[in-house]
Amino acid sequence: MTGVDGLVALPGTVRARQPEETWEAVAVAGHLPGYGITRVAELTGLDVIGLPVWAAVRPASRTLTTSQGKGATDLLAKLSAVMEAIELWHVKQPLPVTARGPADEVAPAYPVSALPLIAPCSGQALARVVLEWTTGTGLVGGAPALLPVDLVRRRVQRPEWGPDLMRATSTGLACGNSREEALLHGLFEVVERDVLFRDGQAGGRRRTLIDLGAVDDPHGQDVVGRMSAAGMAVEAAVVDGPYGLPVCVAYLWSEDFPVVFAGGGCHHLPEVALSRALTEAAQSRLTAISGMRDDLATGTGSFDPAPFAPVRRTGLTPWAEATAHFAPLSGGFNVQTAEVAQRIMRVTGYEPVALALSSPGSPVHAVQVVCPGARSRIRRVMPR
């Protein structure tokens, strides 16, 4: 339903438009072929859980040719897959180079060492490396801000003379019905991955295991109920971080496919953060079952059975107690984006910067949010 400030509250997510309107604008209007998407496929029935998972296929992609999406309904899952595919299409498009030179001369508002790097390097050496730069927008002050093009440009697109220093990741890459919606979801992803990185560095000691039986959100109850009915062992935790935003992590395991699958999620609404973590774990499982992802490891050892310690049944924290200290953000997407950007700046010491990736007149808005000082794990694994 549509609430205040133009926000559309949906099961497990909040958007700027009803999903039917988004599908009409993107798919029915004929834009999918322009993004290289030739078809979408329903994967749900390949698993026993029954949570909707779809895939979008881009055969000519030079990155991933398939993108997976999940949601409370088939339409939401289909849109999720299509939006992720559109995000990846955008990072293939050339960005304008507005400056070329070392950071010592270009003078960005942060040290290059605060950006995602392939390998550690001394700050002094990095400041002298010649890079190509593009112009984004600071999300606190609103002023133009420079970022290395190679934070978005994939390795196969880089010029031969360029140093291979920057780790181009999907962190902060987001698509939305509006620029503000995309920005907020990109910022949430940055927070999620930085909090989980900090938790990993602390050996998992920032987690509060929750009693999933006490979750009071109807969609969350439905997700947990489907997993339990399908014989899944499920574990979830709220992860403490410095941003004052709910971050959740979830784990899924079953005897029929004895591999530990994990998911993470962040949102200012705790129930949405939990839903994202749980459904991402289910999506990861279905992706492995379908074998559709290009970057799935090959070989007989790829999905060897993994031991799964019994899920803890005692000493769990009630969901309401674990999330009581979080206060939902007020206002529309623009107000929420400004608040989250300020929180990130207070933690990292550097202003988040947004790159606009979509062209004027595009049916959706694609952005990449870069937050110097925020970190994310290099490996996909989220240790239990």
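**A tour of salt bridges and a helix pair**

Select helix α9 (residues 333–348): Glu-339 and Arg-343 stand 4 residues apart in this helix, so about one helical turn separates them. Helices here are DSSP runs (H or I, at least four residues), and strands are E runs of at least two, numbered from the N terminus. This is a predicted model, in which local features need pLDDT of at least 70 and side-chain atom pairs count only at pLDDT 80 or more, while totals for chains, interfaces and linings use all residues. Residues are numbered from 1 along each chain as its sequence is written, and side-chain values use heavy atoms, without hydrogens and water.

Glu-339 and Arg-343 form a salt bridge, with the closest N and O atoms 2.8 Å apart (a side-chain nitrogen of Lys or Arg within 4 Å of a carboxyl oxygen of Asp or Glu). Glu-339 is partly exposed at 25% relative accessible area, whereas Arg-343 is buried at 16% (buried is under 20%, exposed over 50%, partly exposed in between, with a 1.4 Å probe and protein chains only).

Next, select Asp-256 and Arg-285, whose side chains meet in a salt bridge (3.2 Å, N to O). Asp-256 lies in the loop between β12 (247–253) and β13 (261–266) and Arg-285 in helix α7, so the pair ties together parts 29 residues apart in sequence. Asp-256 is exposed, at 54%; Arg-285 is buried, at 2%.

Finally, select Arg-100, Glu-132, Asp-150 and Arg-153, which are linked in a network of salt bridges. Within this group, the side chains of Asp-150 and Arg-153 meet at 2.9 Å, N to O. Asp-150 is buried, with a relative accessible area of 7%.
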